[in-house]
Amino acid sequence: MKRIAIIGGGISGLSAAFNLERARAAGTPLEYTLFESSGRLGGSMSSDYIEDCLVEAGPDSFLTEKPWAAALCKELGIADQLIGSNDAQRKTYIVVYGKLVAMPDGLMFMVPTKIVPTALSSMFSWGTKLRMAAELLHPPRPMLGDETVGELVERHFGAEVVDRLADPLLSGVYGGDANKLSARAVLPRFVEMEEKYGSLSRAMLAAHRKMAATAKNQPARPLFSSLKNGMQQMVDAISARLNPDSIRLRTRVRGVYPQDGGWRIAIDMGNDEYYDAVILATPANVAGALLEGVDAELAADLLGITYSSSVTITLGYYMEQLRHLPPGFGFLVPRSEGTRMLACTFVHNKFPHRAPPDKGLIRCFLGGARDEAVLSLTDDEMLDTVRAELKKIIKLDARPIFSRIYRWRGAMAQYEPGHIARVERIENRIAHIPGLAISGNAYHGIGVPDCIRSGGQAAKVILEAAVAAPAQTS
């Protein structure tokens, strides 16, 4: 009987545990233990019901085009609970000089593909518009080195597009700074497009035509997907499939050590335990600290992956209080506007089922790589901040009927220049350490589907290796 330890009970660790449980149920002789230092599973995936409204503490959805989350839901028997975003209302605004400006039609992730809407938009100066037109003439070129997203976008469209589009968009996804995130790691398709087409606009037009031809006679898929009862529903569905005796909450692992062909796990307030294999489904810096006594170079690379923090604040209102709210999914705020708020989602428009017809939800995002200090504010200070900024930006002065604040310290891995090479080194060194695998949002993608894929791959690696090795005895 092979014994496998999973350290970390977020969605990556849960995905690994689900795959191990499925193998065990199919007859593979194994047992597993999932260690989680907090009192609940799921990490930042947590949903609350407040005043008949569904409030997400962390991610509220996932990109539909990435298949791994939907595939897991199908395996869990909850595919019928999947819902799509209300894309008929999908309009996003950028705050420009304190006012909301709708992103022009044809703008595909900061790349303009339609001349007239872009030319008529007040989002960009005429200098930037002329530069966008000239970008169509860019010749193909390979990227030299590992540029930041900011450098890549500025080369094509200018600094204004970095400030008003690239940086706000990446703040929302990565909690990062466009001038510190690797283009190769974060926007690999842009790098490939530049090498093939030169112009990103021409490349996007070609990609759009190809997608349109492929999608012909097929129903349009929503941009985002979620679950009827919130992202917590996925966590609960996985947890229900696991052996309760295999889950150890409020149990902190303080060290992992190779021993006699297996692993010794040192646990706070408990005796050491012995396993044949270990999956580290923790943040990279935690994994690095655990492995410092195992492989110093591996630990250094893991510890070199930085993280940013975030705060989500959800405010509930009566719809009468929101009667002047513009249509759409919400808005992004460039750093140049001088606010602490990075973005705001009109939840009841994006996912109408999340609030009853007489209520609306406003979700604000703060923090990120350039504002870790926001975590030191009290709840009242945070509420005062977002209410003042909502009043300034969308003229919303009404007092909310409820509010919820969620702090996520060190939650979002930053894919800085050199990230791809760093991950290759990490994976090469781990491949030479028997019975060890890692998973999480620090390596090949930060979204929920990426984490699910990562956990599944870690379980596969351990299963393939463990089945061929003799079992560890305690």
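**View 1. Trp 68 lies in helix α2, which covers residues 68-76.** Helices here are DSSP runs of H or I with at least four residues, strands are runs of E with at least two, and both are numbered from the N terminus. This is a predicted model, in which local features need pLDDT of at least 70 and side-chain atom pairs count only at pLDDT 80 or more, while totals for chains, interfaces and linings use all residues. Residues are numbered from 1 along each chain as its sequence is written, and side-chain values use heavy atoms, with hydrogens and water left out. Is Trp 68 buried, exposed or partly exposed? Trp 68 has a relative accessible area of 29%, so it is partly exposed; buried means under 20%, exposed over 50%, and partly exposed in between, using a 1.4 Å probe and protein chains only. Leaving aside neighbours within four places in sequence, Trp 68 is in contact with Pro 449, Asp 450, Ile 452 and Arg 453, where contact means heavy atoms within 4.5 Å. Trp 68 and Ser 454 are 9.7 Å apart in space, C-alpha to C-alpha, and 386 residues apart in sequence.

**View 2. Helix α1 (residues 11-25) crosses helix α10 (residues 232-241) at roughly 35 degrees.** The two axes come within 9 Å; axes are lines fitted to C-alpha atoms, for helices over the stretch in contact, and angles run from 0 to 180 degrees between N-to-C directions. The crossing of α1 and α10 is left-handed, meaning that the near helix is turned anticlockwise from the far one by less than a right angle. Which residues meet here? From α1 come Ile 11, Leu 14, Phe 18 and Glu 21, and from α10 come Met 234, Val 235, Ile 238, Ser 239 and Arg 241. Six residues of this contact are nonpolar, one is polar and two are charged. In that count Ala, Val, Leu, Ile, Met, Phe, Trp, Tyr, Cys and Pro are nonpolar, Asp, Glu, Lys and Arg are charged, and the others, Gly among them, are polar.

**View 3. Seven strands form an open sheet with mixed pairing.** Follow the strands in the order β8-β7-β18-β19-β20-β17-β21; two strands pair if DSSP finds at least two bridges between them. At the edges stand β8 (99-102) and β21 (402-413), each with a single partner strand, so one side of each has no neighbour in the sheet. From one strand to the next, the twist averages 25 degrees. Helix α14 (residues 379-394) lies across β7, β8, β17, β18, β19, β20 and β21, and runs at about 70 degrees to β17.

**View 4. Strand β17 (residues 307-318) pairs with β21 in the antiparallel sense.** Nine bridges connect β17 and β21. Val 311 has Arg 407 as its bridge partner in β21, and Thr 312 has Tyr 406. β17 also runs antiparallel to β20, to which nine bridges join it; Thr 314 stands opposite Arg 363 in β20. Eleven of the twelve residues of β17 are buried.

View 5. Rings of Phe, Tyr and Trp (its six-membered ring) pair if their centres lie within 6.5 Å, with planes under 30 degrees apart counted as stacked, over 60 as edge-to-face and the rest as tilted. Phe 35 is in strand β2 (residues 30-35) and Tyr 275 in strand β15 (residues 273-275), so the pair ties together parts 240 residues apart in sequence. Both Phe 35 and Tyr 275 are buried. Phe 331 and Phe 346 also make an edge-to-face pair, 6.2 Å centre to centre with 70 degrees between the planes. Phe 331 sits in strand β18 and Phe 346 in strand β19, 15 residues apart, and both are buried.

**View 6. Met 269 and Lys 395 are two loop residues.** Most residues other than glycine have a negative phi. Met 269, although not a glycine, has a positive phi of about 60 degrees, and Lys 395 likewise has a positive phi of about 60 degrees. Met 269 is found in the loop between β14 and β15, and Lys 395 in the loop between α14 and β21. Met 269 is exposed, with a relative accessible area of 87%; Lys 395 counts as exposed at 63%.
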